[in-house]
Amino acid sequence: MRKSAKIFTALSVAGLAVAAGSAFTGTGVATAGQAASDQFVGGTVSQSVTGATLNSLVYGFTDGTNTAVNKVTLTFADATGGKTPTLSLTGGTAATFTCTAIDGTTHISVCDAATGTSQTGVTSAAVTVS
């Protein structure tokens with residue numbers, strides 16, 4: 001095999017590895033707008049944020065098929081003065097989520113569904129910090 005063919009093959013394999021790795025990254029929000037929504041199996045969820053900049057929104061599920069949401073972990077870009085966000089999921093069976101105040105050090109708030117409940121059929125998530 002020629003040297004140029006070997007280099008081309010090596011670069012092609014490296015490119016495939018990078019593409020495959022990026023296909024499995026989690027949801028992240030770079031601005032206060034829309035988030036990527038690749039955490040749900042079998043569908044997508046539109047996500048919006050008002051009043052803060054959100055770095056990530058990670059769903060927790062009660063089932064192995066990733067369809068019944070019982071927890072959402074929000075990581076903000078910076079401190080928000082200890083404010084408590086609200087989370088509203090729409091679609092499917094509704095559940096009420098209660099969020100903790102945003103931690104001043106980690107910038108994280110955890111939103112849990114009421115005990116023993118979860119929401120399936122989620123089509124959108126709206127986070128508000130005021």
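**A walk from loop to core**

Asparagine 66 sits in the loop that links strand 2 to strand 3. The model here is predicted. Look at the backbone of asparagine 66 to begin. Its phi is near 55°, a positive value, and the residue is not a glycine.

Now move along the chain to histidine 107. This residue lies in the loop between strand 5 and strand 6. Histidine 107 also has a positive phi, about 65°, although it is not a glycine. Its surroundings can be read from its accessible area. Histidine 107 has a relative accessible area of 19%. The limit for buried is under 20%, so histidine 107 counts as buried.

Next, go inside. The largest nonpolar core has 21 residues. Which residues have the most contacts inside it? They are Val72, Leu74, Phe76, Leu87, Leu89 and Phe97. Strand 2 (54–61), strand 3 (68–76), strand 4, strand 5 (97–99), strand 6 (108–113) and strand 8 (124–128) each supply at least two of its residues. Strand 3 gives the largest share, four residues.

Leucine 89 is buried, because its relative accessible area is 10%. What does leucine 89 touch, leaving out residues up to four places away in sequence? Its partners are Tyr59, Val69, Phe97, Gln119, Val122, Ser124 and Ala125. Valine 127 is 38 residues from leucine 89 along the chain, and the C-alpha atoms of the two are separated by 8.9 Å.

Phenylalanine 97 is one of the partners of leucine 89. Follow the contacts of phenylalanine 97 in turn, again setting aside neighbours within four places in sequence. They include Val69, Asn70, Lys71 and Val72. Leu87 and Leu89 are also among them.

Tyrosine 59 counts as buried, because its relative accessibility is 6%. A pair of aromatic rings is described by the distance of the centres and the angle of the planes. The model has one aromatic pair. Tyrosine 59 and phenylalanine 61 form it, with 6.4 Å from centre to centre and 35° between the planes. That pair is tilted.

How values were computed: Residues are numbered from 1 along each chain as its sequence is written. This is a predicted model: local features need pLDDT of at least 70, side-chain atom pairs count only at pLDDT 80 or more; totals for chains, interfaces and linings use all residues. Side-chain values use heavy atoms; hydrogens and water are left out. Buried means under 20% relative accessible area, exposed over 50%, partly exposed in between (1.4 Å probe, protein chains only). Contact means heavy atoms within 4.5 Å. A nonpolar core is a set of buried Ala, Val, Leu, Ile, Met, Phe, Trp, Tyr and Cys residues joined through side-chain atoms within 4.5 Å. Rings of Phe, Tyr and Trp (its six-membered ring) pair if their centres lie within 6.5 Å; planes under 30 degrees apart count as stacked, over 60 as edge-to-face and the rest as tilted.
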